[in-house]
Amino acid sequence: MRIALTTLVVADYDDALEFYVHALGFTLTEDTDMGGGKRWVVVTPSAGGAGLLLAQASGAAQVASVGHQAGGRVMGFLHTDDFARDHARMTAAGVTFLEAPRTEPYGTVVVFQDLYGNRWDLIEPS
């Protein structure tokens, strides 16, 4: 078994696509109209791996969860084979970094946030 998709509740499909595809460099894998304003939108990292199902929030509980899906902890771990390249590209795209890059025993890492405030680690493993 493997994890194929993880749902990420977003405020708006198109805003989320702009961030994940253009700022992070993910690939739009699927965007299917399900009717009634609902879409099946999947993005995947350019190097592969599990995808994100972008699900537009509906209802008060889902709207409240946007940007807080991990309770303030790092939600996602995005591996890279060239930290300097991807950090520079993401910076140029306007991604918000919450700290300076640092070296840890497991690799070079920096925390950034998505357009809603969910925290992610960009990591080049050792």
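Mentor: T44 lies in strand β3, which spans residues 38–44. The model is a predicted one. With a relative accessibility of 17%, T44 counts as buried, because the limit for that class is under 20%. The T44 side chain makes a polar contact, at 3.0 Å, with the side chain of T29. Leaving aside residues up to four places away in sequence, T44 touches F26, T27, T29, G49 and G51.

Helix α3 covers residues 83–92, and its buried residues are F83, D86, H87 and M90. Viewed down the axis of α3, these buried residues fall within an arc of 100 degrees, so they line one face of the helix. They pack against α1 (13–23), β6 (96–97), β8 (107–113) and β9 (119–125). The exposed residues A84 and A92 sit on the face of α3 turned away from the buried side. Just after α3, G94 has a positive phi of about 90 degrees.

As for the whole, the protein has three helices and nine strands, in the sequence order β-α-β-β-β-α-β-α-β-β-β-β. Its radius of gyration is 15 Å, close to the 14 Å given by the globule rule for 126 residues, so the protein is as compact as a globular protein of that length. Along the principal axes, the C-alpha atoms fill a box of roughly 45 × 35 × 25 Å. Of the 126 residues, 35% are buried. Among contacts with a separation of 6 or more, 53% join residues 24 or more positions apart. The protein exposes about 7100 Å², and carbon and sulfur atoms supply 54% of that area.

Terms used: Residues numbered from 1 in each chain as written. Predicted model: local features only at pLDDT ≥ 70, side-chain atom pairs only at ≥ 80, totals over all residues. Heavy atoms only, no water. Helix = DSSP H or I, 4+ residues; strand = E, 2+ residues; numbered from the N terminus. Buried < 20%, exposed > 50% of the residue type's maximum accessible area, 1.4 Å probe, protein only. Polar contact = N/O pair within 3.5 Å; in protein donor to acceptor, adjacent residues only side chain to side chain. Contact = heavy atoms within 4.5 Å. Arc of directions from axis to C-beta. Rg over C-alpha atoms; globule rule 2.2 N^0.38 Å. Areas by Shrake-Rupley, 256 points an atom, 1.4 Å probe, with all protein chains shown as cover.
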